[in-house]
Amino acid sequence: MIVFDGQSPITIHERLPVATIIVPTYNGEQFLSRTLGSCLNQTVRDIEVIVVDDASTDSTAGIVADIADERVRYVRLTSNSGGPATPRNVGLQYAKAPFVAFLDHDDVGRPPWIERLVEALGNHPSAGMAW
């Protein structure tokens, strides 16, 4: 797990992921393991998952820390924003991939969700989004 509290520099030798999945969360401990598992089990393996914690008071940070997968990054906001919009926007600031998907902490992305989104957007470059 990588914790970010500032900028997310990209080195010249770093390989960029195909897709970024942004998971905004607030006190999502009862759902988060299942949600992140669904992200990491996608058919597209070259992804990053950015969990943006909106100042949770539960064990959210520990749950993310227990996931031993370098594709997962964790960003913690110091104060609660009151909704998922700010965490989503913060996640976009850290996203490295050309394709970005959002998944709420209590949802599951069933494979091949990301593969289909990347394929659809790749086949239709003028499309602004797909879901």
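Predicted model: local features only at pLDDT ≥ 70, side-chain atom pairs only at ≥ 80, totals over all residues.
**Exercise 1. The β-α-β unit**

Which unit do E2, helix H1 and E3 make? State its hand.

Solution. 
- Residues are numbered from 1 along each chain as its sequence is written, and side-chain values use heavy atoms, with hydrogens and water left out.
- Find the elements. Helices (H or I, at least four residues) and strands (E, at least two) are DSSP runs, numbered from the N terminus. H1 spans residues 32–40. E2 covers residues 19–25, and E3 covers residues 47–53.
- Check the pairing. Two strands pair if DSSP finds at least two bridges between them. E2 and E3 run parallel, with seven bridges. Ala 19 has Ile 47 of E3 as its bridge partner.
- Assign the hand. A crossover is right-handed if, with the strands pointing away from the viewer, the path from the first strand over the helix to the second runs clockwise. E2, H1 and E3 make a right-handed β-α-β unit.

**Exercise 2. The sides of helix H3**

Which residues of H3 are buried?

Solution. 
- List the buried residues of H3 (residues 85–94). They are Pro 87, Val 90, Gly 91 and Tyr 94.
- Turn to the partly exposed residues. Asn 89 has a relative accessible area of 46% and is therefore partly exposed. Leu 92, also in H3, is partly exposed at 40%.
- Leu 92, Val 100 and Phe 102 make a nonpolar surface patch of about 230 Å². Such patches are made of residues with over 30% relative accessible area and no salt bridge; like charges are joined within 9 Å, nonpolar side chains (Val, Leu, Ile, Met, Phe, Trp, Tyr) within 5 Å. Areas come from the Shrake-Rupley method with a 1.4 Å probe; for residues, only the protein chains shown count as cover.

**Exercise 3. Salt bridges**

How many salt bridges does the rule give? Work through three pairs.

Solution. 
- State the rule. A salt bridge is a side-chain nitrogen of Lys or Arg within 4 Å of a carboxyl oxygen of Asp or Glu. The count is five.
- Take Arg 73 and Glu 48. Their closest N and O atoms are 2.7 Å apart. The pair links strand E4 (residues 72–76) to E3, across 25 residues. Arg 73 and Glu 48 are both buried.
- Take Asp 53 and Arg 76. They meet at 3.1 Å, N to O. Asp 53 is in E3 and Arg 76 in E4, 23 residues apart. Asp 53 is buried at 1%, whereas Arg 76 is partly exposed at 39%.
- Take Asp 104 and Arg 88. The N to O distance is 2.7 Å. Asp 104 is in the loop between E5 and H4, Arg 88 in H3, 16 residues apart. Asp 104 is partly exposed at 27%, and Arg 88 is partly exposed at 25%.

**Exercise 4. Backbone exceptions**

Where does Asn 27 lie?

Solution. 
- Most residues other than glycine have a negative phi, and most peptide bonds are trans.
- Asn 27 lies in the loop between E2 and H1. Its phi is positive, about 50°. Asn 27 is partly exposed at 26%.
- Ala 55 lies in the loop between E3 and helix H2 (60–65). Its phi is positive too, about 65°. Ala 55 is buried at 12%.
- The peptide bond from Pro 111 to Pro 112 is cis, with omega near 5°. Pro 112 is in the loop between E5 and helix H4 (113–123).

Key:
Buried < 20%, exposed > 50% of the residue type's maximum accessible area, 1.4 Å probe, protein only.
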